[in-house]
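Please look over the model below before reading on. My notes follow as numbered points.

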Amino acid sequence: MAGRELDIETMNKALSSTQISEDDKDNEDGVQITCFSEAVNDVTLHFQIMRLAKQIYAWIGCNSAKFGHLYAAAPTKPNNAVSVSCVLGGASDNTGSAIARRLVLKTGLNVILACNIPKNTPMLEADAEKILVQKLISLGYTRQKPRGSSS
C-alpha cells in the first residue's frame, strides 16, 4: 500500500514542478493540466487531463500510478464516425477504447487515453467514464449540443 501512495506522490511532485499553465483557459496555445482522484466502491481512481490546442490527453489509473493501455481516437470524415486505435498494450484488452470513442464524440477533439482499469469490470469502467466526463464538462472541454437535438 505504501508503494502505491509513493507512486502517486512522486507523480504529483513531478507534475507540480512543471512550468505549464493550469488556469489560463483563454490561452488556446497553452496546456492546462488537471489531476484528481475519486474513491468509488473501495477503489481509488486517479485521473489526469491535459488539454492541448486541438486534443485532450487523459489518464485513468485504478489503485496505482501504472500507465495502462494507450488509445488514440479521432473524428473521421465524411460521416462523423470515430476511429480508435490501441497504440500501446495488448489488442485483446479493449478496456478504455469505448471511453476514448465517446470522449471524441463529446468533445469533438482528438483524444489520447491511457487507461489502467482492470479487465472485466464494466461498472468500474462506467464509473470512471462518468467521473471523467463530469470533470471535462466542468472544465468546459466538451462541445455544446446543438439546439433542438434529441440525443
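1. Lys-135 lies over the face of Phe-36, 5.0 Å from the ring centre. Here a charge sits over a ring if NZ of Lys or CZ of Arg is within 6 Å of the ring centre and within 35 degrees of the ring normal. Phe-36 counts as buried, at 15% relative accessibility. Buried means under 20% relative accessible area, exposed over 50%, and partly exposed in between (1.4 Å probe, protein chains only).

2. This is a predicted model: local features need pLDDT of at least 70, side-chain atom pairs count only at pLDDT 80 or more, and totals for chains, interfaces and linings use all residues. Residues are numbered from 1 along each chain as its sequence is written, and side-chain values use heavy atoms, with hydrogens and water left out.

3. Which residue pairs with Phe-36? The structure holds 1 aromatic pair. Phe-36 and Phe-47 form that pair, and it is stacked, with 4.7 Å centre to centre and 10° between the planes. The pair links distant parts of the chain: Phe-36 is in strand 1 and Phe-47 in strand 2, 11 residues apart. Rings of Phe, Tyr and Trp (its six-membered ring) pair if their centres lie within 6.5 Å; planes under 30 degrees apart count as stacked, over 60 as edge-to-face and the rest as tilted. Phe-47 is buried, at a relative accessible area of 1%.

4. Arg-51 is in strand 2 (residues 43-51). Is Arg-51 buried or exposed? Arg-51 counts as buried because its relative accessibility is 14%. Arg-51 also lies over the face of Tyr-141, 5.6 Å from the ring centre. A polar atom of the Arg-51 side chain lies 3.1 Å from the backbone oxygen of Ala-53. Leaving aside neighbours within four places in sequence, Arg-51 is in contact (heavy atoms within 4.5 Å) with Gly-30, Val-31, Gln-32, Ile-56, Leu-109 and Tyr-141.

5. Helix 3 covers residues 122-139. Its 18 residues should span 26 Å at 1.5 Å a residue, and the end C-alpha atoms are 26 Å apart, which agrees. The expected span is 1.5 Å times one less than the number of residues. Buried residues of helix 3 include Leu-124, Ala-128, Ile-131, Leu-132 and Leu-136. The buried residues of this helix pack against strand 1 (32-40), strand 2, strand 3 (55-62) and helix 2 (97-107). Just after helix 3, Gly-140 takes a positive phi of about 80°.

6. Check the loop between strand 1 and strand 2, where Asn-41 lies. Asp-42 is in that loop too. Phi of Asn-41 is near 50°, and phi of Asp-42 is about 65°. Both values are positive, and neither residue is a glycine. Most residues other than glycine have a negative phi, and most peptide bonds are trans. Asn-41 counts as exposed at 68% relative accessibility, and Asp-42 counts as exposed at 83%.

7. Which residues does a cis peptide bond join? The bond joins Lys-77 and Pro-78, with omega about 10°. Pro-78 is in the loop between strand 4 (69-76) and strand 5 (81-88).

8. On the overall fold, the protein has 3 helices and 6 strands. Helices (H or I, at least four residues) and strands (E, at least two) are DSSP runs, numbered from the N terminus. The elements run α-β-β-β-β-β-α-β-α from the N terminus on. Of the 151 residues, 36% count as buried.

Technical notes
A polar contact is a pair of N or O atoms within 3.5 Å; within protein, one must be able to donate a hydrogen and the other to accept it, and residues adjacent in sequence count only if both atoms are side-chain atoms.
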